[in-house]
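Please open the model in your viewer and keep the selection panel at hand. The stops below follow one another, each with something to select and a description of what is there.

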Amino acid sequence: MPPMRTFHLIQVSDTHLGREQSWFAPNFRAMARIVSALRPDLVVNTGDISFDGAERDDDLAFARGCHAELDVPFRAIPGNHDVGDNPWRDDGPETITEQRLERYRRHFGEDYWLHEAGRWVLLGLNVQLFGSGMAAEKDQWRFLASAASMTSGRPIALFVHKPLFHLHAGEADVNHRFVPPDHRRRLIELLGGANVRLVASGHVHQHRRHRVGDVDHCWAPSTAFVLPDRRQPRLGTKHVGYIDYTFDEDRVDIQVVEPEQLMNHNLDDFPDAHAI
Ligand SMILES: [Fe+2]
Ligand SMILES: [Fe+2]
């Protein structure tokens with residue numbers, strides 16, 4: 001078999017695009033120009049695509065329009081700002097609903113997907129569904145089980161909005177930052193026999209990279225803004241940017257890029273913006 005042509009992927013995340021709150025659109029336009037110059041095989045946006053698409057249909061419409069500026073294929077998965085959050089506490093913030101999910105799908109299409117990249121299998125998941133009890137949650141588990149069984153040893157890269165955990169898979173606390181523990185466990189069990197090599201996430205607005213076993217966990221920075229330390233602990237590096245991946249046969253090269261064309265916004269500079 002001829003050697004695999006490398007597959008070049010750019011991950012952007014937490015673009016937080018809104019028509020009224022349009023502060024972060026210039027950074028996305030700068031990102032689109034970078035993509036035009038680099039011509040990757042695929043761009044993946046790992047969620048919080050919109051500023052407040054969970055509440056406003058028009059933010060999703062605006063964000064989708066911004067992505068029309070990309071002149072290469074792109075795929076997206078939703079974040080809590082696009083479809084609502086996992087129901088992780090009773091008095092918690094707005095949660096995912098059928099209406100919100102339907103609205104997201106109308107603008108962005110599939111909220112979970114499989115994309116073949118040479119030998120690699122890229123799986124995008126909507127982790128916001130975890131714990132929702134919605135029919136779509138069951139459908140996604142079925143999709144994942146069949147995807148895992150058809151990969152037969154091929155390397156897998158998972159794309160999710162929230163990181164699976166902070167330091168290790170056994171963490172028990174339930175919070176807004178990571179995939180809920182019960183669902184993390186089920187996900188890891190389901191993929192136990194599969195060759196998962198990369199988990200690429202967003203949500204935290206910090207870049208962090210660590211390896212657990214054979215799996216690289218890569219947290220993408222936001223293209224839009226970072227949060228001040230008094231509002232969010234420092235778990236990685238706080239700087240806007242994107243992640244550049246080159247997939248080759250059985251390995252992936254990962255680079256974080258902090259391009260000077262992107263303004264390194266801090267949420268404190270936007271008093272009218274609510275927290276992530
Ligand atoms: Fe975000
Ligand atoms: Fe988020």
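Donors, in this tour, are N, O and S atoms within 2.8 Å of the metal (3.2 Å for Na, K and Ca), and since water is not among the atoms, sites may look incomplete. The model is predicted, so that local features need pLDDT of at least 70 and side-chain atom pairs count only at pLDDT 80 or more, whereas totals for chains, interfaces and linings use all residues. Residues are numbered from 1 along each chain as its sequence is written, chains are lettered from A and ligands numbered from 1 in the order in which they are written, and side-chain values use heavy atoms, with hydrogens and water left out.

**First stop: ligand 2**

Select the iron ion (ligand 2) together with Asp48 (OD), Asn80 (OD1), His161 (NE2) and His203 (ND1), which coordinate it at 2.1 to 2.2 Å. Along the sequence, these donor residues follow the spacing D-x31-N-x80-H-x41-H. The arrangement is irregular because the 4 donor atoms subtend angles of 88 to 153°; four donors count as tetrahedral if all angles lie between 85 and 135 degrees, four count as square planar and six as octahedral if opposite donors are over 155 degrees apart and all others between 65 and 115, and anything else is irregular.

**Second stop: ligand 1**

The iron ion (ligand 1) is coordinated at 2.1 to 2.3 Å by Asp14 (OD), His16 (NE2), Asp48 (OD) and His205 (NE2). Its 4 donor atoms make angles of 88 to 175°, and this site, too, is irregular. Asp14 and Asp48 are both buried (under 20% relative accessible area, with exposed over 50% and partly exposed in between; 1.4 Å probe, protein chains only), and His203 is buried as well.

Next, select Ile10, Leu17, Met31, Val35, Val43, Tyr104 and Phe108, which touch the most other members of the largest nonpolar core, a set of 30 residues. A nonpolar core is a set of buried Ala, Val, Leu, Ile, Met, Phe, Trp, Tyr and Cys residues joined through side-chain atoms within 4.5 Å. Helix 1 (25-38) is among the elements that each supply at least two residues of this core, and its 7 residues are the largest share.

Finally, centre on Val43: leaving aside neighbours within four places in sequence, Val43 is in contact (heavy atoms within 4.5 Å) with residues including Ile10, Val35, Leu70 and Phe74.

Key: Helix = DSSP H or I, 4+ residues; strand = E, 2+ residues; numbered from the N terminus.
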